[in-house]
Amino acid sequence: MMKKVLLLWAIAVVTVTSMAQDRMQGRSGQNFDMSNFNGVITGKVIDSLDRNGVEFANIALYKQKDSSLVTGTLTDASGNFMMEKLMPGRYYVDVKFIGYQSRRISGIMVSPRSPKVDLGTFSLLAASENIEAVVVTGEKKMLLHNLDKKVFNVDKDIAVEGGTAADVLQNIPSVEVDTDGNVSLRGSSNVNILIDGRPSMLNSMEELPAQMIDRVEVITNPSAKYDPDGITGIINIVLKKRKEPGYNGMVSLNAGTGNKYNATVNMNWRQDKVNVFANYSFRRGQMDRFSIGDRVTLFNSGADSSFLSQNSEGQSNMFFHNIRGGADYFIDSRTTLSFTGNLNFRSFDMDNNVLSNSYSNFNSNTLQNTRISLNSNDGLGHEYSLNFKRTYDTPGKEWTADAFFSRNTNNNLNNINQQEIFNTVPTTALERAETDGWMNTFTFQTDYVTPFGNGGRIETGIKAQIRRSDADYVYKIFNSLGSTWDFDANRSNHFVYNEEIYSAYGIYSNTFANGKFSYQLGLRVEDQHSKSDQRTTNEVADVNRLNLFPSAHIRWEPNPINSLQLSYSRRVNRPSVMVLNPFLNTSDNFNWSKGNPYLEPEFTSSIDLSHNLNFPKTKITTSVYYRDTRNGFSRRMIVIDTVATQPTLTTFINLSHYENIGAEAVVTQNIAKWWRINASYSYYYSKLFGDVVSGANEGSSWNAKLASFFTIGKNVDIQLTGNYRAPSITVGGSGRGFHMAGGAQGETKEMYWVDLGARINVLNKKGTITVRVSDIFNTQKMKYSSWDTNFYSYNESWRDSRVVFVGFSYRINNYKMRPEKKVDSDDSFDMVE
């Protein structure tokens with residue numbers, strides 16, 4: 001009996017050993033070399049609502065048996081990730097990103113027979129979203145945080161219905177838009193504005209309807225991947241473009257008081273390998289503008305003085321047509337070829353009546369001048385882009401190539417009637433200014449992204465940008481004797497500017513410490529060649545510069561509630577073509593301007609530290625920052641007291657440098673199911689060093705915004721928004737224009753306003769009726785003062801900002817939530833496409 005038991009035991013041992021050996025052998029009968037085994041886990045992370053990839057999400061891989069960390073990685077711009085060089089075993093994955101609920105995917109098996117495991121596409125939910133019957137019921141988050149940017153979704157912003165891109169931007173924390181449409185970020189107008197990642201060809205944010213905007217990305221410390229232009233960073237406006245199967249679209253009609261109308265049509269069609277989209281927008285706007293100003297000029301150490309008072313009123317009529325269309329061709333599942341074209345027709349007519357009164361107490365000279373100008377501005381802009389994108393079997397590996405061309409033409413005719421009384425002697429002059437200008441821009445760039453090492457990622461790219469511009473400004477005076485328009489050589493000029501910029505960059509990103517830390521290091525090299533040619537005065541300036549622009553970002557997420565981020569970047573702000581032109585413009589008797597062809601670019605080093613708190617009903621983002629700018633621009637204004645009208649002369653100079661220190665906070669609070677608020681506060685301090693008038697070289701300011709959202713029932717939303725801006729110094733300039741709001745050295749006074757809007761869903765939520773009142777109390781007025789050692793001026797300007805808008809939008813197979821399929825997982829909210 002014992003012999004039989006021993007025999008059976010021996011047979012069992014041999015059998016089990018043989019089976020184990022078989023499992024470790026291939027069909028060839030040879031053993032696997034486990035030292036060369038390469039297990040791979042891939043997947044894609046998307047937002048549960050907008051279906052876009054979630055970039056920089058933390059992916060951590062753990063062993064199933066003891067929960068020990070194996071490796072980690074970050075998702076790429078499309079949400080893809082890959083972890084490789086894994087040994088056989090059972091694993092689980094934790095997915096974390098600030099502002100979202102954490103995810104866990106269990107039961108992952110890597111084996112010699114299945115070395116590659118694809119987890120597919122799965123969703124992340126916002127921390128405050130709920131799931132009912134496995135269908136997402138939350139709304140798209142208005143604010144998202146990424147490693148190097150903040151994303152503001154504007155779909156739910158009622159305060160911009162019927163408005164423009166300017167209305168959208170002024171509701172975003174840290175962003176300000178003045179009454180003339182000038183945009184600033186963190187108290188500075190040195191910001192680079194992009195549309196779909198490319199330089200904006202728009203002359204004004206008023207040209208772009210709010211209905212065409214999907215989201216706005218604010219990047220205060222951009223990585224080396226982006227062009228370094230813009231001292232305070234980048235504002236990227238992303239336009240709507242859908243790619244759902246079938247056809248979908250939206251039609252919007254809006255009307256406002258004071259002859260303001262706009263219409264927008266967005267259409268998209270997707271079938272098999274082709275996606276076609278088209279957008280058309282029309283905007284007609286009438287705007288009444290007013291301004292008052294006073295200036296005192298001192299002579300002989302203040303013993304004598306002259307006084308100037310100016311009042312103006314005018315009306316502008318704007319017509320904009322924008323046609324945008326294109327197609328995506330999906331060559332195969334990983335290769336896409338896209339073409340986009342855009343045509344922009346604009347007509348901007350403005351009449352302005354300026355009454356000026358001047359008096360000098362030391363010679364008793366009096367001057368009364370009435371300047372009536374009728375300005376007609378027509379322009380055509382067209383843009384074309386060709387884009388190639390190729391992904392690979394290795395998730396996160398991607399190659400793109402883009403070619404972009406744009407041409408912008410502008411024709412301006414300004415008829416001027418000046419009636420003047422100097423010491424009771426009247427004179428009349430008829431003058432005409434004609435401008436014929438164009439600008440061409442060609443850009444080519446290619447970028448390559450690939451996983452590298454253990455969970456890391458490398459991004460590289462090269463770019464070439466070539467720009468040509470030509471502006472011919474002709475001034476004529478009417479000769480009453482011969483009834484002819486005579487050319488005035490002293491006030492005419494022809495300016496040509498050419499620029500070529502060649503650049504290359506490299507970025508490495510990864511995680512460490514169990515995925516709680518993620519970082520990104522980058523460097524951009526740029527070679528600039530430019531030439532300005534003032535042909536009227538034969539002034540030529542050639543510039544060649546080679547510059548380095550490093551960037552660094554690191555984020556620490558100790559838990560799903562907290563995250564801390566530190567970033568650094570070096571930026572540049574190049575002077576515009578307008579302020580490089582050295583010609584002396586004296587067309588306005590009281591306000592002259594002259595460019596500076598030797599104006600150096602300003603370079604800024606910026607450090608930003610931010611903290612995010614993410615609770616189910618409360619989200620708080622705080623940040624502090626420091627900027628040091630070398631060769632900083634400044635608008636410089638002086639009075640020419642040797643001329644009878646004592647005009648101001650505005651030009652641009654380089655300061656030695658200036659410093660900015662700031663802090664800001666953004667709070668989102670869900671008070672109840674029917675009530676939530678967004679509040680933001682921003683403080684900044686500026687100190688300038690160089691040729692700056694005392695009192696205008698140092699100062700602090702702050703601004704605050706509060707938006708309250710109310711939901712009444714299932715179909716009515718109400719939004720109340722308030723804005724306040726404290727006084728701020730204005731000596732620092734953007735390098736884009738001479739007479740921007742705030743004048744030159746001086747101070748801009750406080751400004752505040754309140755907007756109210758309501759949205760009503762109709763027709764089974766396919767249609768929406770909106771009503772909006774901007775600037776309810778009619779308080780949106782710009783006030784600013786400028787001064788030097790021998791003058792002081794004060795100005796106010798405003799427009800008919802209190803406007804009532806009524807609009808209707810209808811959606812066609814659009815903005816529909818798709819059911820989410822539930823998959824087996826440890827978490828009840830796991831979903832996959």
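Modeller: A salt bridge here is a side-chain nitrogen of Lys or Arg within 4 Å of a carboxyl oxygen of Asp or Glu. Before we use that, note that this is a predicted model, where local features need pLDDT of at least 70, side-chain atom pairs count only at pLDDT 80 or more, and totals for chains, interfaces and linings use all residues. Residues are numbered from 1 along each chain as its sequence is written, and side-chain values use heavy atoms, leaving out hydrogens and water.

Colleague: How many salt bridges does that rule give?

Modeller: The count is 25. In one of them, the side chains of Lys 463 and Asp 227 meet with N to O at 2.5 Å. Lys 463 belongs to strand E26 (residues 456-479) and Asp 227 to the loop between strand E16 (213-219) and strand E17 (234-239), so this pair ties together parts that are 236 residues apart in sequence. Strands (E, at least two residues) are DSSP runs, numbered from the N terminus.

Colleague: Are Lys 463 and Asp 227 buried or exposed?

Modeller: The cut-offs come first: buried means under 20% relative accessible area, exposed over 50%, and partly exposed in between (1.4 Å probe, protein chains only). Lys 463 and Asp 227 are both buried.

Colleague: Which residue forms a salt bridge with Asp 800?

Modeller: That is Lys 260, with the closest N and O atoms 3.3 Å apart. Asp 800 sits in the loop between strand E47 (791-799) and strand E48 (803-812), while Lys 260 is in strand E19 (residues 260-271), 540 residues apart. Asp 800 has a relative accessible area of 21%, so Asp 800 is partly exposed; Lys 260, at 7%, counts as buried.

Colleague: What about Glu 500 and Arg 468?

Modeller: Their side chains form a salt bridge at 3.0 Å, N to O. The pair connects strand E28 (residues 493-512), which holds Glu 500, with Arg 468 in strand E26, 32 residues apart. Glu 500, at 23% relative accessibility, is partly exposed, and so is Arg 468, at 28%.

Colleague: Now the strands, please. How do they pair in a sheet?

Modeller: Strands of a sheet pair through backbone hydrogen bonds, either parallel or antiparallel. Two strands count as paired if DSSP finds at least two bridges between them. E32 and strand E33 (residues 591-594) run antiparallel, joined by two bridges.

Colleague: Which residue in E33 is the bridge partner of Leu 584?

Modeller: Lys 594.

Terms used: Helices (H or I, at least four residues) and strands (E, at least two) are DSSP runs, numbered from the N terminus.
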